[in-house]
Amino acid sequence: MRKLFTTLSNIWKIEDLRVRIINTLLFLLIYRIGSYVVLPGVIYSSLSDGQGKEGLVGLLNMFAGGSFSRASIFALGVMPYISASIVVQLLGIAVPYFTKLQKEGESGRNKLNQWTRYLTIGITALQAVGYVKSQLQPNQISPEINAFTFNLMSVVILTAGTLFVMWLGEKITDKGIGNGISLIIMVGIIAQLPGAFLTEFSVRTGGKGGLITFIVELIALIGVVMLTILIVQGTRKVGVQYAKRIVGNKQYGGVRQYIPLKVNAAGVMPIIFAQALMFIPAYIPQLFPSISTNPIVMSMANYTSWAHNLLFAVLIIVFTYFYTAITINPNQMADDMKKNGGFIPGVKPGRTTSEFIDGIISRITLPGSIFLAIIAIIPAFASAIGVQPIFSRFFGGTSLIILVGVVLDTLQQIESHLLMRHYDGLMKTGRITGRTATPTSAGTTPPVI
């Protein structure tokens, strides 16, 4: 406990770090206040408590911190920006113009950021139209407002709200601590935790399992968190030796470094892609009522069934390999290593190095993808054994991986500030390592989420 208070005192003594933490908290407070501001013309009392709590809508509602179900001005959150970032990242692989921008350093990144913002506006506008049409019923809109006026006004406000949240995220990154967009998503997820915790506690103590069952669930949750940290932090270090170079009176190179190849280089993206496909079986009975009673269709539509989760796990494994393959380019890594006078001991430079790195990535991706699939399907099994759905989401899946990754990144930045000023770090032994940048065809790139 004394160590904790000493560390907090050291953090407060560093003016730059103190200002950054305060700025971060204030920006996040603005976001949370805005998430309770309802769209003009919406009758708040008519919104159902269960609105936006199931399926894909429930996932979006969690990322938006409940704003989705409250018809808030921030209802769409930062997900349109995340979608735009993913699209731009994929364009960097398929379109030569965007590939060139990725290699132009700071100026190229600025142009890519501009393209991401423009694309965010378009995606947000389309999603805003879909949100107004699908989530807001006529009885939830004030009869004093014309329908066309309300729809147009809501689309503009929702688009502006997402852009404002995106601006808040960028300000947190520049003036605060940690990645702003990731912190906003994390705060939205954490905002759901107290209510889920209390709901589960009241259900268990009310007669379904008792307090012992609730304690066992908490122990299981801690175990899943530890497993998630293991996956997020796992790396395979490949040693690289750089040749000595004498330039004038100075010597360059001659040192041994390493390339950190992550066990889960794809991050949370395989789960997001797989979830998008797994919602298709749920909508098949609605599109084709005649086959809604088919046992296979019913099993695939039930997210707690073995068939559904087996297919979900297979898709995650496939998408993990796919996303790793398109984001990490062993050929480019080998070429960059060769240009800088580096080589892997015992491996010839060039094509042999590329094949060596590719073989390592293929081997470490298999256990990483399997563990990722296990973490992703744990919430379904937790729900199947009686855990409340809103609480079971914290047992794994997208939300838990994002929480763990963002917390580690933020703590790593705080520790860097402490060590820079010659203070002790946050841990007694070792240092905190966050989601380090992943080597790609364009050098290194930070995680999207």
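These are my notebook entries on what I looked up in this predicted model.

**Ground rules.** I number residues from 1 along each chain as its sequence is written, and my side-chain values use heavy atoms, with hydrogens and water left out. Since the model is predicted, I ask for pLDDT of at least 70 for local features and 80 or more for side-chain atom pairs, while totals for chains, interfaces and linings use all residues.

**Overview.** I listed 17 helices and seven strands in the protein; helices (H or I, at least four residues) and strands (E, at least two) are DSSP runs, numbered from the N terminus. Of the 449 residues, 44% are buried, where buried means under 20% relative accessible area, exposed over 50% and partly exposed in between (1.4 Å probe, protein chains only). I then looked at contacts (heavy atoms within 4.5 Å). Among those between residues at least 6 apart in sequence, 70% join residues at least 24 apart. The accessible surface is about 23000 Å², with 66% of it belonging to carbon and sulfur atoms; areas come from the Shrake-Rupley method with a 1.4 Å probe, and for residues only the protein chains shown count as cover.

**Confidence.** The average pLDDT, the predictor's confidence in each residue from 0 to 100, is 81, and 86% of the residues score at least 70. Residues 437-446 fall below 50, yet this stretch has 24 contacts in the model beyond near neighbours in sequence.

**Nonpolar patch.** Which helix gives the largest share of the nonpolar patch? I found that helix 10 does, with five residues. Helix 9 (193-205) and helix 10 (210-233) each supply at least two residues. Patch members include Phe-197, Leu-198, Phe-201, Ile-212 and Ile-219, and the whole patch has about 900 Å² of accessible area. My patch rule takes residues with over 30% relative accessible area and no salt bridge, joining like charges within 9 Å and nonpolar side chains (Val, Leu, Ile, Met, Phe, Trp, Tyr) within 5 Å. I checked Leu-198 in helix 9: this leucine is exposed, at a relative accessible area of 55%.

**Salt bridges.** My search of the whole structure gave six salt bridges, each a side-chain nitrogen of Lys or Arg within 4 Å of a carboxyl oxygen of Asp or Glu. Arg-204 bridges to Glu-200, with the closest N and O atoms 2.9 Å apart; both lie in helix 9, four residues apart, about one turn of the helix.

For another pair I went to helix 15 (residues 351-384), where Arg-351 and Glu-355 lie four residues apart. Their closest N and O atoms are 3.2 Å apart. Arg-351 is exposed at 68%, whereas Glu-355 is partly exposed at 47%. Back to the shared partners: Glu-200, Arg-204 and Glu-217 form one network.

Three strands make an open antiparallel sheet in the order 4-1-5. Strand 4 (256-262) and strand 5 (342-343) are the edges, each pairing on one side only; two strands pair if DSSP finds at least two bridges between them. Seven bridges join strand 1 to strand 4, with Val-238 opposite Ile-259. Strand 1 (residues 235-242) meets strand 5 over two bridges. There I found Tyr-242 opposite Gly-342 and Gln-241 opposite Phe-343.
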